[in-house]
Amino acid sequence: MLIYIGRRVLAVVPVLFGVTLAVFSMLFLVPGDPVKMMLAEFVTMPDQIAQMRAQLHLDEPILTQYGRFVANALRGDLGTSIRSRRPVVTEIGENVGNTAQLALASMAVAICLGVPLGLVAALMRNSWLDVGSMLVALLGVSMPSFWLGLLMIFVFSLHLAGSRRRAVAT
């Protein structure tokens, strides 16, 4: 059991490295210059941009920047938002309630659909209901959530609201 736990703990190391590398890379993958975005409202001179780069340590080598990023993240300092100029931890804290509510609602929908479909599939093996429930499960797992969200907006807001308006008008 200890060997299993040790392997699982060791498996976390490359995952955390990959996650920190991906998050750190977002700064460089976003189009545009973050310093120019932060100073977009102000008339800026090249020396002001250079001063802001030095203040944000963007003039240092990339490995030094990554090391600083990881050290700050371990202390709980995730930096300042480019858009709102507020601490990122505060931004996350304000939105964690909505995220939890959305996660719980999606879990409830998944359970309300998954348990009955699983029971039908188990009770009626090799029937068309079994195949249909497996198809629904496969689509639910493989469809990207952003695409499913767009489809649900399309169905619920456009089609159902439109049919309701037509029914009220007649």
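Visitor: In this predicted model, which side chain of opposite charge is nearest to the buried D130, and how far away is it?
Guide: D130 is buried but takes part in no salt bridge. A salt bridge needs a side-chain nitrogen of Lys or Arg within 4 Å of a carboxyl oxygen of Asp or Glu. The nearest side chain of opposite charge lies 6.1 Å from D130, and that side chain is R125.

Visitor: In which helix is D130 found, and which residues does D130 touch, not counting residues up to four places away in sequence?
Guide: The helix that holds D130 covers residues 128-142 and is α6. With residues up to four places away in sequence not counted, D130 touches R125, A121 and M124.

Visitor: How many salt bridges does a search of the whole structure find?
Guide: One joins E60 to R68. R86 forms one with E91, and the side chains of R86 and E94 meet in another. The search of the whole structure gives a count of three.

Visitor: Which residues are linked in a network of salt bridges?
Guide: Side chains of opposite charge can pair when their charged atoms come close. Between E91 and R86 the closest N and O atoms are 3.7 Å apart, and between E94 and R86 the N to O distance is 2.2 Å. The network consists of R86, E91 and E94.

Visitor: How far apart are the closest N and O atoms in the salt bridge of E60 with R68?
Guide: E60 is partly exposed, with a relative accessible area of 21%. R68 is also partly exposed, at 31%. The closest N and O atoms of the E60 and R68 pair are separated by 3.0 Å.

Visitor: How many helices and how many strands does the protein chain have, and why is the chain described as more spread out than a compact globule?
Guide: From the N terminus on, the elements run α-α-α-α-α-α-α, which comes to seven helices and zero strands. The chain is more spread out than a compact globule because the globule rule gives 15 Å for 170 residues, and the radius of gyration is well over that, at 25 Å.

Visitor: What does the C-alpha trace span along its principal axes, and what share of the residues counts as buried?
Guide: Along the principal axes, the C-alpha trace of the protein chain spans about 70 × 65 × 25 Å. Buried means under 20% relative accessible area. Of the 170 residues, the share that counts as buried is 10%.

Visitor: What share of the accessible surface belongs to carbon and sulfur atoms?
Guide: The accessible surface of the protein chain comes to about 13,800 Å². The part of that surface belonging to carbon and sulfur atoms is 73%.

Visitor: How far apart are the mean positions of the positive and negative charges?
Guide: The protein chain has 13 positive and 9 negative charges.

Visitor: What is the phi of H57, and where is H57 found?
Guide: Most residues other than glycine have a negative phi. H57 has a positive value, near 65 degrees, and is partly exposed, with 27% relative accessible area. H57 is found in the loop between α3 (46-55) and α4 (62-74).

Visitor: Is N126 buried or exposed, and what is the phi of N126?
Guide: N126 lies in the loop between α5 (88-123) and α6. At 74% relative accessibility, N126 counts as exposed. The phi of N126 is positive, in a residue other than glycine, with a value near 60 degrees.

Visitor: Which residues are in contact with V88, leaving aside neighbours within four places in sequence?
Guide: V88 is in helix α5 and is partly exposed, at 22% relative accessibility. Leaving aside neighbours within four places in sequence, V88 is in contact with L78, G79, T80 and S81.

Visitor: How far apart in space are V88 and A11, C-alpha to C-alpha?
Guide: In sequence, V88 and A11 are 77 residues apart. In space, their C-alpha to C-alpha distance is 28 Å.

Terms used. Residues numbered from 1 in each chain as written. Predicted model: local features only at pLDDT ≥ 70, side-chain atom pairs only at ≥ 80, totals over all residues. Heavy atoms only, no water. Helix = DSSP H or I, 4+ residues; strand = E, 2+ residues; numbered from the N terminus. Buried < 20%, exposed > 50% of the residue type's maximum accessible area, 1.4 Å probe, protein only. Lys, Arg positive; Asp, Glu negative; His and termini not counted. Contact = heavy atoms within 4.5 Å. Rg over C-alpha atoms; globule rule 2.2 N^0.38 Å. Areas by Shrake-Rupley, 256 points an atom, 1.4 Å probe, with all protein chains shown as cover. Charge placed at Lys NZ, Arg CZ, Asp CG, Glu CD.
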